[in-house]
Amino acid sequence: MTRIRLSGPWTPVFAGVGGSAISLAVGLGQGKWEPIVIGEVVTAMAVIALCFVGAQDTDVGAVLARRADERQVIIRMKASRVAAVVGVLASVVACVIAAARNSTYWPFEVIYIAMGVSYLVSIAIYGAAPKSAGAVVDDDADHVDP
Amino acid sequence: MRNRVREERVRRELSQAQLAGALGVSRQTVISIESGRYLPSLPLAFRIARFFGMSIDTMFDPDEEE
């Protein structure tokens with residue numbers, strides 16, 4: 001199985017790219033430059049904040065900077081689970097509201113379906129993983145043997 | 001489960017940060033293990049026991065509550 005392994009401070013990068021893309025889309029959609037400037041400034045502030053937090057010697061910093069050890073990997077997984085559940089619920093609520101207002105609802109439907117499918121696929125992939133017995137094993141965890 | 005991590009670390013006059021560096025984990029994880037809030041994985045438990053030159057069942061006692 002091909003495994004995509006990300007290392008380094010990807011969280012600020014993803015936040016920056018995502019924020020910039022949304023700002024550009026809003027600005028281009030409205031035909032104005034103000035939303036782009038405001039969006040980019042807010043995105044830049046968020047990226048700086050994430051870099052700052054990621055540099056801290058804390059659990060949050062370790063998880064954001066992807067230098068988590070085995071306990072912090074478990075914290076990251078629990079946090080990811082909460083975020084995924086909130087994402088699914090938000091997509092359902094958004095889909096219902098958009099459909100009730102007779103506006104475009106398919107993007108929320110796509111998010112809902114994508115999260116459901118990725119959940120099932122993940123179970124199949126990780127269930128078949130060779131390192132599935134016993135404690136959580138994560139190759140992202142950086143260990144230095146004494 | 002009770003463990004002797006704190007006891008052995010203090011006896012060797014190591015800081016939590018020094019032990020964390022030697023084990024390749026964060027200082028917060030050493031604190032959690034010492035306080036019994038986190039049970040280390042088997043590989044990490046072995047690393048801890050080997051670091052202190054003890055057997056794993058001497059280091060971690062499953063019969064004693066923290």
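In which loop of chain A is the place of A:Asn102?

Analyst: This is a predicted model, in which local features need pLDDT of at least 70, side-chain atom pairs count only at pLDDT 80 or more, and totals for chains, interfaces and linings use all residues. Residues are numbered from 1 along each chain as its sequence is written, while chains are lettered from A and ligands numbered from 1 in the order in which they are written.

A:Asn102 is placed in the loop between helix 4 and helix 5 (106-127) of chain A; helices here are DSSP runs of H or I with at least four residues, numbered from the N terminus. The phi of A:Asn102 is near 60°, a positive value in a residue other than glycine. A:Asn102 counts as exposed, because 7 C-beta neighbours lie inside 10 Å; a residue is exposed if 12 or fewer other C-beta atoms lie within 10 Å of its own, buried if 20 or more do, and partly exposed in between, with C-beta atoms placed from the backbone.

Another loop of chain A, between helix 3 (59-64) and helix 4 (70-100), holds A:Arg66. This arginine, A:Arg66, is likewise a residue other than glycine with a positive phi, near 55°. With 18 other C-beta atoms within 10 Å, A:Arg66 is partly exposed.

How values were computed. Helices (H or I, at least four residues) and strands (E, at least two) are DSSP runs, numbered from the N terminus.
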